[in-house]
Structure formats: structure tokens, C-alpha cells
Amino acid sequence: MSNPSPFLQPSLAACPDALAVLHLKRDLLTPTVLRTYDDEQLGYAEGKVTTTRYGNYPHTTLIGQPWGSQIKASLVDTGTRGRVGLHIGKGKKRKREGSSGNLRDGPTAIDDCIEPIAEHPRSPEVKNTEAAIPAPSGFCHILPPTPEIWTASLPHRTQVVYTPDYSYILQRLRVTPGTSVIEAGAGSGSFTHAAARAVFNGYPTDNTRVDHDHSTKEHPMASSRAGRVWSFEFHEQRAQ
């Protein structure tokens, strides 16, 4: 089984490689995938940073925080941005000055996270990040992804099925846990996430069953008892 969806089984705290939503104000929410390293290679000394009009938020200050926590903005090293990959001299990249090579002594990751931040197997660059310095102003709240929060974070330039609409649709379809829903395209994922939560009744475990004679036999339809949402998406990035 793949990793549990944060929409269906959220953890108690923000974990590495998980989706989180930064609540900046009532009508401004920013979704981001938390990383302990700069996966976008933007050149921040603090690792991956989500930049907003209300401050900069290094992900090292977000990971390990309980959902709903207020996170202060940070002063980040923007001097190295735009210079990543520039060659100086004989093909050598310019080295970042002032890098201590140590991970910030931030909040301890909650036990609900699978692994500590510094030992995460997908973060080889975390050792090169610098400690984030708190900014004098600016803050956000870190929220877990839910269908309602995801819908509120979507840009309005595309057609979005909003919460009152998909609630009415699911009610008229009499969608309950364990049923199957077929939709033609996921699009922004607003209705898809709501439908997945409505049909969710646990992940399938195996394809076996126990008959009346207590013998275990292969049951090809055992996994179909779990609720499913069937969709089609031609856009690879949205499908992922």
C-alpha cells in the first residue's frame, strides 16, 4: 500500500514530504509540499522556502509543528538566489559564503511523524541548510489538507466545484463509505478530494477471504469492498 493520504488520515503534526496549507488570511491560503531540502534549487541558504507577501517561511520552521500552530515569518538569505549554477573561473560554481553546514535546532518532530527531520532518507541536502532568523513581523498558521481547505486555496481563474456544490452532489448521489464514484477528470481536485473522503472506509489489506469452513481462499473482489473514486486525468502534473 502506498503512503496514506493526508486528506484521509492526517497526522498530528506536519511531516516531511507531506502536503500542508499555509493560512495567511481569510481568503489567502497557500498549499505546499514540505521538504527538508531545497528541491526547487532556488538558492536559499535555509533550504526550501515558501515566499508570500506576508513573509518568508523556511520549511525547517514548519516541519514538526502541530497542525494549527502559528508560525512566525523568517529572514532568509536572498543574496544567493539567482546565482545558483553560475560558473566562475574554470567551470566552478560559486560557493555559498557563511554556510555553517548545520541543521537548525528547531522544534522536535512530533512522534506522529515517521522519522526525525535530520534522518529523513530523501533529504541529503538538509545538512547544508542554515538556521532561519525570526522576522520582526509576519506570521501564518499551518493547516492540514482537507477538501474544504483545499477548495479555499484554489485560484478562482479555473472552474471550481465549491463546498456547497459538491456537498449537494454527494448527498443526491447518496454516496456512503464503501461505494464507488466515477468522474470524468479530476481537474483541480476539489470534488475528487470530497468524494474520496465520502467513500473512504479504510484501505484494502489483501485479496483473501475466510469461508464458512474457516478455509482461506483467494478472493479477487475482496479489495473492491473499499470505497473508491475512479477518475481520468490527462495532465500528468495534476494526476501526481
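Of the contacts in the protein chain between residues at least 6 apart in sequence, 65% join residues at least 24 apart. The model is predicted, and its protein chain contains four helices and 12 strands. Of the 240 residues, 37% count as buried. The chain exposes about 15000 Å², of which carbon and sulfur atoms supply 53%.

The mean pLDDT is 75, and 66% of the residues reach 70 or more. Among the elements, strand S1 (residues 19–25) has the highest mean pLDDT, at 95, whereas strand S6 (residues 87–88) has the lowest, at 42. Over residues 86–110 the pLDDT is below 50, although this stretch has 40 contacts in the model beyond near neighbours in sequence. Residues 208–216 also stay under 50 in pLDDT, and the model gives them 12 contacts beyond four places in sequence. Where pLDDT is low, the predicted coordinates should not be read in detail.

The packing of two helices was examined next. The axes of helix H2 (residues 163–172) and helix H3 (residues 190–199) come within 10 Å and cross at roughly 45 degrees. On the H2 side, the contact involves Tyr-166, Ile-169 and Leu-170. These residues meet Ser-190, Phe-191, Ala-194, Ala-195 and Ala-198 of H3.

Methods: Residues are numbered from 1 along each chain as its sequence is written. This is a predicted model: local features need pLDDT of at least 70, side-chain atom pairs count only at pLDDT 80 or more; totals for chains, interfaces and linings use all residues. Side-chain values use heavy atoms; hydrogens and water are left out. Buried means under 20% relative accessible area, exposed over 50%, partly exposed in between (1.4 Å probe, protein chains only). Contact means heavy atoms within 4.5 Å. Accessible areas come from the Shrake-Rupley method with a 1.4 Å probe; for residues, only the protein chains shown count as cover. pLDDT is the predictor's confidence in each residue, from 0 to 100. Axes are lines fitted to C-alpha atoms, for helices over the stretch in contact, and angles run from 0 to 180 degrees between N-to-C directions.
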